[in-house]
Amino acid sequence: MSPLRRSRRGAPDKQDQLDEFRVDPRGRLTTDHGIPVDDTDNSVKVGERGPTLMEDFHFREKVTHFDHERIPERVVHARGSGAYGHFRVHESLAEFTKAEFLCDPSLETPVFVRFSTVAGSRGSADTVRDVRGFATRFYTRQGNFDLVGNNIPVFFIQDGIKFPDFVHAVKPEPHNEIPQASSAHDTLWDFVQLQPETMHMMMWMMSDRALPRSFRMMQGFGVHTFRLVNDAGRSAFVKFHWKPRLGVHSLVWDEVQKIAGRDPDFNRRDLWETIEAGHFPEYELCLQIVPEADEHNFDFDLLDPTKIIPEEMVPARPVGRLVLDRNPDNFFAETEQVAFHLGNAVPGIDFTDDPLLQARLFSYLDTQLLRLGGPNFTQLPVNQPINEVRNHHRDGPHQMAVHQGRAAYHPNSLSGGCPALADGDAFVHYPEWVQGNKIRKRSESFADHYSQATLFWNSMTDWEKEHIVEAFRFELGNVTHWHVREGVVRNLNNVDHELAVRVAEGIGVEPPSRPVTTNHGRSSPALSQAGQPGSVVGRKVAVLTAEGVNVGDVRSVRDALIDDGAFCDVIGPHDGALPAAGGGVVEVDRALRNAASVVYDAVVIPGGRDSVEVLKECGDAVHFVAEAVKHGKPVGAMGEGIELLKAVPMLEGVRLAGDYEDEVVDRGVVTQTASGGATPSFLSALTEAIARHRHWDRAKERVPA
Ligand code: HDD
């Protein structure tokens, strides 16, 4: 029944399938009914200056279609960006699951991924403090499997019946629709102080995890404990993790606020540009597998979505690779209309009784019916499975399929009993044994809301703790109800006394005099972002120049970085060509007025006496460097470029190349005295500093940026 097209290569292939729907703009203009149009700029009137006629069907169709262009935005995760790619398992996981795409290493499974923020509207900024959605659709040969996860492994609430309350609390407040895409307001924190099950998630939310540098540099988590079921019907519990090849890296708070103004599309642009450039984002699928028999061997409940299984307890085993290698052709058709649903599961993957998961199994289908206007949204190209769809579902708005035959019911004899029931390869719900009274109650095993919040805090480095404390202070500093601030501090005292005191001191609340409980002292190193792998691939570097810049310095740095997969922009006082020192020109990629330090990962200042003299006198240029320094970014300077670094206050205490040393690397500041071309050691120190992402060991408080 579905309008599924078989791939031209024989095997089901999502891109081949999509080809059938792609519309090439080349060709002549027509109405929606195919009638040729030779003028789409003037409506039909009575005389040149007369009234428009109703009979102008092209005018009416054009405006009517426009009037109906919008659909309701997602109630959460409204702002998102998507990409296609493929997934391949390394080795068969048949021991655990019969899901074909996890058992056959020769199979390349097409995927569509949509990354998102949660609270903001469709047009809100990318870089806000928020959870990021990481929703993956696998177009398997057994049907669509949707893994609808986040970049944080736990959730705010334990039971899905609380989801509307939580979302109402975090969304802009109802009386004045303020603030947009921000959790720093009274209603969210009121909910938090009264609902201690949020505390673990709030620790993550206040950490740098909520400010990802890039969708390419964040983890993804299925959050819930799911089930894998093998061919013999044996089940094991599983948690799904995505680990990015480029490591997990974040922005800083001051920076994200500025980027939100300078480039609200920062994360979306990054995803788009790196895919266009061929630097395809990659993630490792890792599984934490727990045998059914071990279900009760933890000091938390596996069904509680506010808990992680620490990786030190159950290792996250790498099982397969996801590569995103194609941008969508049309944002609306694909990224906006994709309709994820947790209930899209394939044989071999099954659910558990996690009450949050159970609620989600209802909500996603329900929301798509409203958002996409009826039950036929599964026929939209991005939503179609690559295998054939056949059933007795009929009619409804925008039905695309032309169903043949007379029998739209089962059983039937008029269509030979077709479609026939699946035989052997069907999805059969795991026959879990359940028994109990009908009760509205939370299990006692869900009652500990603090131990893992403490575990998270204990696992942070000093700079991560500082960022968390600052985040709590900022958010609560925006809360106008004093009792709400006090309530949150009381909850934090259950997490860690020092944390509660530090936060209280910053927000004018009486710090708690003593701990409520003793910190258990346990930590999980896997939770920290320190020591993550890094790479220069897809990093953006600014080279700051003016007239008289040393062309050799510019070219050597630019060529080397581009060779390594970075993007490199020459920033100059204006667009066009700049005369370089000793003849020749340097082409400017962006004028200083159109550039902002915050959207770059690193700044390099080439030599050239005249150029550096100009930059030193230019407030915007000094600010550009100072801001990079304040945000812990790598900075490089060659020859006279070092003089510009000296104009930035923080550099007191950081060693620079000079009379005694030709090259120095100190806390991410890479300098060489020579000009006329970067040395190999300068370049390798610079790329290493960029791959390390940020240098938190610099004093930055005094930097006025
Ligand atoms: Fe949800 C969208 C992730 C709990 C109800 N959710 C949505 C998206 C992601 C998540 C990534 C965007 C999908 C896309 O890109 O289109 N949601 C989560 C995670 C949760 C979670 C990881 C907890 C572990 N969600 C959750 C609950 C409910 C919902 C408990 C309702 C009871 N979520 C929805 C929704 C959305 C949605 C209303 C809005 C748009 C959509 O589904 O398609 O149904």
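The sulfur of Cys568 lies 19 Å from the closest cysteine sulfur, that of Cys618, which is too far for a bond. Cys568 is also buried, because its relative accessibility is 6%. The model is a predicted one. Its predictor assigns the complex an ipTM of 0.99 and a pTM of 0.96.

**Cysteines**
- A disulfide is a covalent bond between the sulfur atoms of two cysteines.
- The structure holds zero disulfides.
- Cys103 is in no disulfide either, and the nearest cysteine sulfur, in Cys286, is 18 Å away.
- Cys103 counts as buried because its relative accessible area is 19%, under the 20% cut-off.

**Confidence**
- Mean pLDDT for the protein chain is 96, and 98% of its residues reach 70 or more.
- Residues 1–11 have a pLDDT below 50, and this stretch makes 34 contacts in the model beyond near neighbours in sequence.

**Overall build**
- The protein chain contains 18 helices and 19 strands.
- Along the principal axes, its C-alpha atoms fill a box of roughly 95 × 80 × 55 Å.
- Of the 705 residues, 54% count as buried.
- The accessible surface of the protein chain is about 31800 Å², and 52% of that belongs to carbon and sulfur atoms.
- Take the contacts between residues at least 6 apart in sequence: 73% of them join residues at least 24 apart.

**Iron site**
- The iron atom of the ligand has Tyr364 as its only protein donor.
- The donor atom is the OH of Tyr364, at 1.8 Å.
- Tyr364 sits in helix H9, which covers residues 355–371.

- Helix H10 spans residues 451–458, and seven of its eight residues are buried, so the helix is largely enclosed by the rest of the structure.
- Those buried residues are Gln452, Ala453, Thr454, Leu455, Phe456, Trp457 and Asn458.
- Their cover includes helix H5 (199–205), helix H11 (462–477), helix H12 (482–495) and helix H13 (497–507).

**Glu464**
- Glu464 belongs to helix H11, one of the helices that cover H10.
- Glu464 is buried, because its relative accessibility is 4%.
- Beyond its neighbours within four places in sequence, Glu464 contacts Ser459, Ser528, Gln529 and Ala530.
- Ser207 is 257 residues away from Glu464 in sequence, yet their C-alpha atoms are 7.0 Å apart in space.

**Backbone exceptions**
- Most peptide bonds are trans, and most residues other than glycine have a negative phi.
- The loop between helix H3 (163–170) and helix H4 (186–194) holds Pro179, and the peptide bond from Ile178 to Pro179 is cis, with omega near 0 degrees.
- Glu177 lies in the loop between H3 and H4, and has a positive phi of about 55 degrees although it is not a glycine.
- Glu177 is exposed, because its relative accessible area is 56%.
- The loop between H9 and H10 holds Pro411, which is joined to His410 by a cis peptide bond with omega about 0 degrees.
- His398 is placed in the loop between H9 and H10, and its phi is positive, about 60 degrees, although it is not a glycine.
- His398 counts as exposed, because its relative accessibility is 65%.

Terms used
Residues are numbered from 1 along each chain as its sequence is written. This is a predicted model: local features need pLDDT of at least 70, side-chain atom pairs count only at pLDDT 80 or more; totals for chains, interfaces and linings use all residues. Side-chain values use heavy atoms; hydrogens and water are left out. Donors are N, O and S atoms within 2.8 Å of the metal (3.2 Å for Na, K and Ca); water is not among the atoms, so sites may look incomplete. Helices (H or I, at least four residues) and strands (E, at least two) are DSSP runs, numbered from the N terminus. pLDDT is the predictor's confidence in each residue, from 0 to 100. Contact means heavy atoms within 4.5 Å. Buried means under 20% relative accessible area, exposed over 50%, partly exposed in between (1.4 Å probe, protein chains only). Accessible areas come from the Shrake-Rupley method with a 1.4 Å probe; for residues, only the protein chains shown count as cover. A disulfide is a pair of cysteine sulfur atoms within 2.5 Å.
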